[in-house]
Amino acid sequence: MNVAPGAWKYALPPLLAAPFALLFSVGASVVALLAGVATLGFFRDPERNPPPTGVVAPADGTVSVLREEDGRVRLGIFMNVWHVHVVRAPFAGSVADVEHVAGANRPAFSKESERNERVRVAVETDSPHLPEFAVDDDGDVDAGRSRDAATATVTLIAGAFARRIFPYVESGDALERGQRLGHIAFGSRVDLLFPPSVGIDDVAVEPGDSTTAGETVVLEPEEDALLEAGLEDSLERESDDGDGSAAIGA
């Protein structure tokens, strides 16, 4: 089983204590052993296989936030203690900035968690999996919201118990879709602030839906954009997996 970096630092103390605890109590030894094994389970890091097309979820968990703010769409995913805590890139791009922001440690499912300690990973992207432009309520194209040189932000948010965030990337790094960005020790929340070209109706999930990092499609791409980017093979694979039509995403 693959585990995230730093897992053994948390798991070794209870595992080493288990045989010594046996001298005093079988129960205490079992508890220590289970604590060590459970810690490794919390830090598990399974391989993931992104689908041929689509923006993928950055985290395992449950969609807890989906809203528009300041002309952009925010998708929040709450991770409980039993979820995998490794965070992944939703699309390809380049890391523009990695910023650590000090803050509180409120429960990650509460509204107050938006002021918690966090790490923001800003990603510049021209991914064809994102909409090329946004339209207003009248269906008119907003020329100021194109996909070109768009920036998205993946925010790793600490919770009441999860107080350590470990980014794996730094400014200037190139990212592939589904690549590991970092992990949060134990449970917490991950937010994806989409580029301005994304409208809330473009998002393919809603509050209460479960997601798998690197695999669940949270935004389905436009067929024209994929063809323009030379991803015809992806379209054909999606069609073969479906009912014969050129369906995009999952």
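Mentor: Two strands count as paired if DSSP finds at least two bridges between them; strands (E, at least two residues) are DSSP runs, numbered from the N terminus. This is a predicted model, in which local features need pLDDT of at least 70, side-chain atom pairs count only at pLDDT 80 or more, and totals for chains, interfaces and linings use all residues. Residues are numbered from 1 along each chain as its sequence is written, and side-chain values use heavy atoms, with hydrogens and water left out.

Trainee: What is the order of the open sheet of three strands?

Mentor: The pairing in this sheet is antiparallel. Strand 4 (86-88) and strand 10 (165-167) are its edge strands, each pairing on one side only. The order is 4-12-10.

Trainee: Which residue stands opposite Arg 88 in strand 12?

Mentor: Strand 4 and strand 12 (residues 180-184) run antiparallel and are joined by three bridges. The residue opposite Arg 88 is Arg 180.

Trainee: The side chain of Thr 216 reaches the backbone nitrogen of which residue?

Mentor: Thr 216 lies in the loop between strand 14 and strand 15 (217-219). At 2.8 Å, its side chain reaches the backbone nitrogen of Thr 212.

Methods. Helix = DSSP H or I, 4+ residues; strand = E, 2+ residues; numbered from the N terminus. Polar contact = N/O pair within 3.5 Å; in protein donor to acceptor, adjacent residues only side chain to side chain.
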